[in-house]
Amino acid sequence: MKSKLLPALVVAALGVAALPQAQAAEEKCPIDKRQTKVMSERVGKKVQRAFEFYSTDQMDEALRVMLEINPKQAFDKAYVNRFIGNIYAGIEGKTSEALKYLQLAVDADVLGGTDHSQAMRLLADLRMQEKQYKPALADYEKWMAFTCKEDKNVYLRMGQAQYELKQYNKVIPLADKAIALESKPNKNAYVLKMGSYYESKQYPKAAKVVETMVELFPEESKLWVQLAQMYLLSEDYKKALYTMDVAYRQDLLEKPSHYKMLAQLYAQNEVPYQSAKIQEMYLNKGIVEKDETSLSMLANTYHQAKEVKTAAKYYGEAAKLSNKAKHYSKQAALLLEAQEYKAAQAAGKNALKADGLTNKGQLQMVLAQAYFYDGKYKQAYAACEAATKDKKTAKAAKSWLSYIKDTAARKKVRI
């Protein structure tokens, strides 16, 4: 890719179109004190030839001609080095060579004001490209000191360099300067500012930046989710929920994690039923995979919402997928609470055969009650007797044994 600086650079240096005389020396800005210079005739002819090759995209030939020049005068050397650096900058994989020649041109400090400033700027930009952040910052500062200019893109790149160096407190003023100089809002400056607050764990300030971004860039749907995440990190759960709910109603949620976040926020804001309905929706639509984790979470949320039968249903689905006793046990306990005694017995039996049973005594107590209230006193007594063997349930089980025995006797049922 050609450098856009080359045509003007060559024309000016060859004296084809003379620039106006530099402003009076009393001007404070260094760029205005530079006098316009012209290359020596010998060097100028060769540069002209190289430029002709360059203008017809014969980059290798242009570079060959320039590398053959052996200038003697300081200005000629600086100009040739700058031209070579510009050519290398437009050739993929030749950035290190470009940096070398541009540095020589800048260090000579003899080029005209415009040429010198352009060489300084390109040098800084290439250092950023090569992730040489500290030298790039120094070069941008020198460019600003030489030109006495404030440039939004320079401030933005300096901010990016400080961000990469993890100097987050130095990023904010640079991003603010870039924003102040923009005639039209530039999202990159706001992203840089928000990222710096985020990385330095200043979440409320990061949220404020994203609030501004939502106003300035309403077409950016992802910003709503990002704003909710900032509120969440700031522990402002109400604002986080409101923002995510707005995004959901506007059909702006794109990822499974976004839907999970919305459900989580409803739960955190003590609206478990709505959280469960969101979870149920995204599972049924296939937005989030129906697996043990998602189903058991849904069951737990319905339980929090006191939707006992529905919670039991989903614990059962989680149990079928995983064959884990803990899910069958919870299902059995909830069915007992819902007075679905036969279903509770079935779930309890499944739990006894499933994997990883750790609360056998508690499960036997659930079974004992499910049998008892279903009038199956013999099975209730046997389950309760099994529960006495667990230290955690032994005391309660012994009390129930007497109660079951007495009740069975009144009902004239032999145990």
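Before the close-ups, one term: a residue is called buried when its relative accessible area is under 20%, exposed when over 50%, and partly exposed in between, using a 1.4 Å probe and protein chains only. This is a predicted model, so to speak of local features takes a pLDDT of at least 70 and side-chain atom pairs count only at pLDDT 80 or more, while totals for chains, interfaces and linings use all residues. Residues are numbered from 1 along each chain as its sequence is written, and side-chain values use heavy atoms, with hydrogens and water left out.

View 1. Let's start with Lys166, which sits in the loop between α9 and α10 (168-181). Helices here are DSSP runs of H or I with at least four residues, strands are E runs of at least two, and both are numbered from the N terminus. Is Lys166 buried or exposed? Lys166 counts as exposed because its relative accessibility is 58%. Its phi is near 65 degrees, a positive value in a residue other than glycine.

View 2. Helix α3 covers residues 41-55, 15 residues in total. From first C-alpha to last it reaches 21 Å, close to the 21 Å expected at 1.5 Å a residue; the expected span is 1.5 Å times one less than the number of residues. Which residues of α3 are buried? They are Val43, Gly44, Val47, Ala50, Phe51, Phe53 and Tyr54. As background, an α-helix has 3.6 residues a turn, so residues three or four places apart point the same way. After α3 comes Asp57, with a positive phi near 65 degrees. Asp57 belongs to the loop between α3 and α4, and it counts as exposed because its relative accessible area is 55%.

**View 3. Asp60, in the helix that comes next.** Asp60 is part of helix α4 (residues 59-68). With a relative accessible area of 61%, Asp60 is exposed. How far is the C-alpha of Asp60 from that of Ala247? The two atoms are separated by 54 Å, and the residues are 187 apart along the chain.

**View 4. The disulfide of Cys29 and Cys148.** A disulfide is a pair of cysteine sulfur atoms within 2.5 Å, and by this rule the count comes to 1. Cys29 is joined to Cys148, with 2.3 Å from S to S. The pair links distant parts of the chain, 119 residues apart: Cys29 is in the loop between α1 (6-14) and α2 (30-33), and Cys148 is in the loop between α8 (133-147) and α9 (152-164). The link is right-handed, with 120 degrees about the S-S bond. Cys29 is buried because its relative accessible area is 9%. Another cysteine, Cys384, is also buried, at 0% relative accessibility.

**View 5. Thr407 and the backbone of Tyr403.** Thr407 lies in helix α23 (residues 394-410). It counts as buried because its relative accessibility is 5%. A polar atom of the Thr407 side chain lies 2.8 Å from the backbone oxygen of Tyr403.

**View 6. What lines the largest cavity?** The lining is made of Val106, Met120, Leu123, Asp139 and Lys142. Helices α7 (113-129) and α8 are the elements that give two or more residues to this lining.

Technical notes. On a 1 Å grid over the protein atoms alone, a cavity is a set of points where a 1.4 Å probe fits but cannot get out, and a pocket is an open set with protein on both sides within 12 Å along at least five of seven lines; lining residues have an atom within 4 Å of a point. A polar contact is a pair of N or O atoms within 3.5 Å; within protein, one must be able to donate a hydrogen and the other to accept it, and residues adjacent in sequence count only if both atoms are side-chain atoms.
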